[in-house]
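Here is a short tour of one protein model, written to be read with the structure open beside you.

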Amino acid sequence: VEENKQKIFYIKNDTSFVFRMQFSEELAENPILTINGTKKTELELVEKFVTNEGKYIYQGTVNVTAEDKFEDGQLQLIVSNIKDLAGNETTDPLVTDQTVTSNSRTVVLDSKIDVVLFKTNSNNANSSSLAKAGDWIGIYLQVGEELKQDPTFMINGEVVTTSYLGEFNGVYAYQAGITVTEEMSGKITFSISNIIDKAKNNLTLSSEECEYSVTIDNGDPVFDLSAIPTTFEVGVDTYVYPQPGVVTDNVDGTISFGNVHMNWYHMNADGTKGEATTCFGGDNWNTSLKECSLGDYIITYRVSDTAGNETIVEKQITLQDTTKAVIEPDRKDGETFIQGVDEYNTETGTITDNYDDVNFSNVNIEYYLQNNDGSETHVAYFDKPSDLSNIQAGIYRIHYWYRDSSDNYSEVSRILYVKNMDAIEKVNELVQDAVRAMNDGNMAVKDQQHAIDLARQEANKLPNFVEKDAALETINNLQAAMDNNNKYREVYGYLLS
């Protein structure tokens, strides 16, 4: 091999090489070839041509082993005992220069090819044992010496281009590779042949070394978002993390939804993504999203499997408020106020809304007088505080209502009895007069009827209180007795509570 204008002979371990020297005349004795100062071989005359100034060729076969070499693998070859028939000794530098570096006889004993590094690798960012379409799978061979020629790489049965990467600190690197395609599946198989050095040592890799267990994963993860609601009641529902979606992959199996990356956007009127928003994630996980604006949003879900195959899907969600506010007045239903005695104060209570920030001062309050015919009359607000002596006694319905920002209407009512005890006492006295008239056997029938009619007339003026019902019940009993013309009428006493 010609290296740096110097011929270097490479030989393998336990092999022979032939050493030849040519002289212009026949020698008196066979020359001696000494190898590394210990091994000696005679060179015998094998050819001679007496014409053309003479040509005498001496040759010897040298057997060498690993033990014969120097540390750097180079053999020291020294030729001696060169005398012609007249006894003259040679003055040729080939013989007289006995240094190891003599550039005319450099022989390197090379017993094997040292493998410094042998590896396979996928440039997949996530896993060296997985690859997807577009990834590059490289096969690297690094040896401790330069090879006679580039080795032959075969991947999946096809010869691929070999690249010599160069020498680094005595290490010689070779590389080949293949780009994964959509059609590939299963394992990548390869072989490397023609690993031959300059001494013709041949390196053979085992079948186990030539098997790269890389899984080709060209399948994208698949989302199932059916369990994620499309509507969300703000202030009522809880926006949970992780979302109740499912991701499956042909290689990874089920992928945790906690590995899914989400982004949230307002939805434009045309259904496209608008401005991004952060009101869903971060500190708002597992909350009712009261800080978010109502409306339509688009959520993007993005996930990658171990091989790096990525899937992005979108889902529309509507943040809505269809829940009515809850009004809880402190006033009890059916409370009774006696005019001129009890004091009516400001209405108090609580109101809660799932979205609006409200208090009881936001509640609208209206008053309705219930007429004896079942109808209602809207009346002005009660004066507060007041003994209610300035209003008409009767049964009132207090109507509390609120319409939230989403137009949800809520209402509740309380019945309030405002009683004038003078009017009730007057009716009670007239009923007692009618009872006494019916029990007076000497009173004329017309006078008895007059007492009953007078009591009925005043009783009908009362609102539909229980006192009115009790008075009319007694009056009706008196009238029934009167109508039956029963001389011995039994009249039940009337007691006003």
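## Terms and model

Two strands pair if DSSP finds at least two bridges between them. Helices (H or I, at least four residues) and strands (E, at least two) are DSSP runs, numbered from the N terminus.

The model is predicted, so local features need pLDDT of at least 70 and side-chain atom pairs count only at pLDDT 80 or more, while totals for chains, interfaces and linings use all residues. Residues are numbered from 1 along each chain as its sequence is written, and side-chain values use heavy atoms, with hydrogens and water left out.

Let's start with strand β34 (residues 364-370). Five of its seven residues are buried (under 20% relative accessible area, with a 1.4 Å probe and protein chains only), so β34 is largely enclosed by the rest of the structure.

β34 runs antiparallel to strand β36 (residues 394-403), joined by seven bridges. With strand β35 (residues 376-379), β34 pairs in the antiparallel sense over four bridges. β34 and β35 form a hairpin with five residues between them, and G374 in the turn has a positive phi of about 95°.

Two packed helices are described by the angle between their axes and the distance between the axes. Axes are lines fitted to C-alpha atoms, for helices over the stretch in contact, and angles run from 0 to 180 degrees between N-to-C directions.

The axes of α2 (residues 421-439) and α3 (residues 445-459) come within 8 Å and cross at roughly 160°. α2 and α3 are therefore roughly antiparallel (angles over 145 degrees). In their contact (heavy atoms within 4.5 Å), the α2 residues include V427, L430 and A434, and those of α3 include A451, I452 and A455. By class, this contact of α2 with α3 has eleven nonpolar, one polar and three charged residues; Ala, Val, Leu, Ile, Met, Phe, Trp, Tyr, Cys and Pro count as nonpolar, Asp, Glu, Lys and Arg as charged, and the others, Gly among them, as polar.

## Helix α2 against helix α4

α2 also packs with α4 (residues 466-483), at an angle of about 20° and with the axes 10 Å apart. α2 and α4 are therefore roughly parallel (angles under 35 degrees). Among the contact residues are I424 and V435 of α2, and I475 and L478 of α4. The residues of this contact of α2 with α4 divide into eleven nonpolar, one polar and one charged.

Definitions and conventions. Parallel < 35°, antiparallel > 145°, perpendicular 65-115°, else oblique. Buried < 20%, exposed > 50% of the residue type's maximum accessible area, 1.4 Å probe, protein only.
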